[in-house]
Amino acid sequence: MNISELPLSFFTAVAAAALSAGVTWAIRPLLLQHALARPNARSSHRVPTPQGGGIAVIGATLVVAGMIAAYADTAHLSIPIAIFGSSLFVAAVGFADDVKSIPVLPRLMLQAIAVGAILFTAPSDLQIVPACPLWIERGLLLLGGLWFVNLVNFMDGLDLMTVAEVVPITGAMVMLGWFGEIPVAAAIIAAALCGAMIGFAPFNRPVAKIFLGDVGSLPIGLLLGWCLLQLAYHHHLVAALLLPLYYLSDATVTLLRRLARREPFWAAHRSHFYQRATDNGFTVLRVISEVFALNIALATLAIATITADLTIVNILSLLAGAAAVALVLYRFSRRGRIPKATGRPVL
């Protein structure tokens with residue numbers, strides 16, 4: 001993709017946003033009757049709220065991206081069929097889990113099938129580290145992909161949280177697609193997912209009228225992970241790490257802390273940093289604003305590593321990104337209060 005194809009990305013995002021918003025509005029009454037998420041001790045919401053908005057987000061993403069791939073007069077625009085099949089499969093697993101909880105082991109096995117279908121149908125010449133045996137790299141990517149799919153689900157516990165994460169990442173990838181730094185297919189998927197999340201955002205802003213549910217968060221993790229993998233395959237590994245660095249850090253540090261305390265890591269909890277922030281006095285909008293601003297900064301650093309293409313810039317950008325994430329996690333973990341008049345935390 002190049003600058004001359006910018007309208008294609010813009011049209012993709014706008015079409016996905018309109019379709020996502022329309023479908024979300026249409027299915028919400030049905031979800032109110034059959035898919036309510038009821039508050040519990042670990043919830044961030046206070047009233048029963050319908051879940052399943054991911055049906056609209058994933059549906060819009062795949063429909064629009066598929067139509068663009070089928071009808072756009074653009075060379076090399078071929079989205080692997082495994083992307084569509086695996087996304088629909090993991091969405092079905094998520095929907096089943098939304099309706100009636102699936103035990104953790106079968107759930108992980110089904111998710112692994114979806115991730116594996118994408119990885120093991122990819123061309124054998126696609127490698128991040130050519131010196132590494134292909135089967136070892138693909139095996140490690142399977143574990144990493146499985147973790148990424150689940151961490152997006154784990155982090156989807158606050159109104160607009162996933163929007164604040166996905167929109168900056170996909171927006172950055174669309175920009176990189178304009179300059180030919182990632183394949184056209186990845187840029188189109190990113191544009192469609194970005195638009196679909198923007199269309200869903202008005203329904204998910206505090207206080208949310210609808211949640212994504214596992215039917216949305218799981219396939220979003222899968223699609224986002226695939227896009228980032230395309231970035232890594234094209235020798236932009238630092239950028240692929242920087243873009244999701246906040247999600248990776250919050251979820252991974254939380255998991256390690258829970259393992260160290262010998263807590264059941266698969267059980268629902270309220271120990272993520274963003275959850276601790278609301279318990280410590282931050283408003284939901286304050287948390288989301290800081291996460292969104294952080295992700296814009298990480299996206300800027302990621303783009304800088306690619307445009308500069310210098311080792312020193314990669315190192316400095318990674319250090320700067322890690323420091324920014326650490327600062328936000330530290331702020332979220334501190335106790336404070338928020339005056340109603342200003343909405344600003346007093347720490």
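A salt bridge is a side-chain nitrogen of Lys or Arg within 4 Å of a carboxyl oxygen of Asp or Glu. In this predicted model, the side chains of Arg331 and Glu290 meet in such a bridge, at 2.6 Å from N to O. The structure holds five salt bridges.

**Other salt bridges**
- Arg107 is paired with Asp97, and their closest N and O atoms are 3.8 Å apart.
- Arg107 lies in helix H4 (residues 104–119) and Asp97 in helix H3 (residues 81–99), so this bridge ties together parts that are ten residues apart in sequence.
- Arg107 and Asp97 are both buried.
- Glu263 forms a salt bridge with Arg261, with 2.8 Å between the closest N and O atoms.
- Glu263 is partly exposed, at a relative accessible area of 27%, and Arg261 is partly exposed as well, at 43%.
- Through salt bridges that share partners, Arg258, Arg261 and Glu263 are joined into one network.
- As a general point, side chains of opposite charge can pair when their charged atoms come close.

**Helices H12 and H13**
- Helix H12 covers residues 284–308 and helix H13 covers residues 311–333; they pack at an angle of about 175°, and their axes are 9 Å apart.
- H12 is therefore roughly antiparallel to H13, a term that applies to angles over 145 degrees.
- By class, the contact of H12 with H13 has 13 nonpolar, four polar and three charged residues.

**Helices H5 and H8**
- Helix H5 (residues 134–155) packs against helix H8 (residues 214–233) at an angle of about 140°, with 8 Å between their axes.
- H5 and H8 are therefore oblique to each other.
- Their crossing is right-handed.
- H5 contributes Glu137, Arg138, Leu141, Phe148, Val149, Val152 and Asn153 to the contact.
- The residues that H8 contributes include Asp214, Ser217, Leu218, Gly221, Gly225, Leu229 and Tyr233.
- The residues in the contact of H5 with H8 divide into eleven nonpolar, four polar and three charged.

**Ala232 in helix H8**
- Ala232 is placed in helix H8.
- With a relative accessible area of 6%, Ala232 is buried.
- Leaving aside residues up to four places away in sequence, Ala232 touches Ile128, Leu237 and Ala240.
- Ala232 and Ile182 are 50 residues apart along the chain, and their C-alpha atoms are separated by 9.2 Å.

Note on methods
Residues are numbered from 1 along each chain as its sequence is written. This is a predicted model: local features need pLDDT of at least 70, side-chain atom pairs count only at pLDDT 80 or more; totals for chains, interfaces and linings use all residues. Side-chain values use heavy atoms; hydrogens and water are left out. Axes are lines fitted to C-alpha atoms, for helices over the stretch in contact, and angles run from 0 to 180 degrees between N-to-C directions. Helices (H or I, at least four residues) and strands (E, at least two) are DSSP runs, numbered from the N terminus. Angles under 35 degrees count as roughly parallel, over 145 as roughly antiparallel, 65 to 115 as roughly perpendicular and the rest as oblique. A crossing is left-handed if the near helix is turned anticlockwise from the far one by less than a right angle, and right-handed if clockwise. Contact means heavy atoms within 4.5 Å. Ala, Val, Leu, Ile, Met, Phe, Trp, Tyr, Cys and Pro count as nonpolar, Asp, Glu, Lys and Arg as charged, and the others, Gly among them, as polar. Buried means under 20% relative accessible area, exposed over 50%, partly exposed in between (1.4 Å probe, protein chains only).
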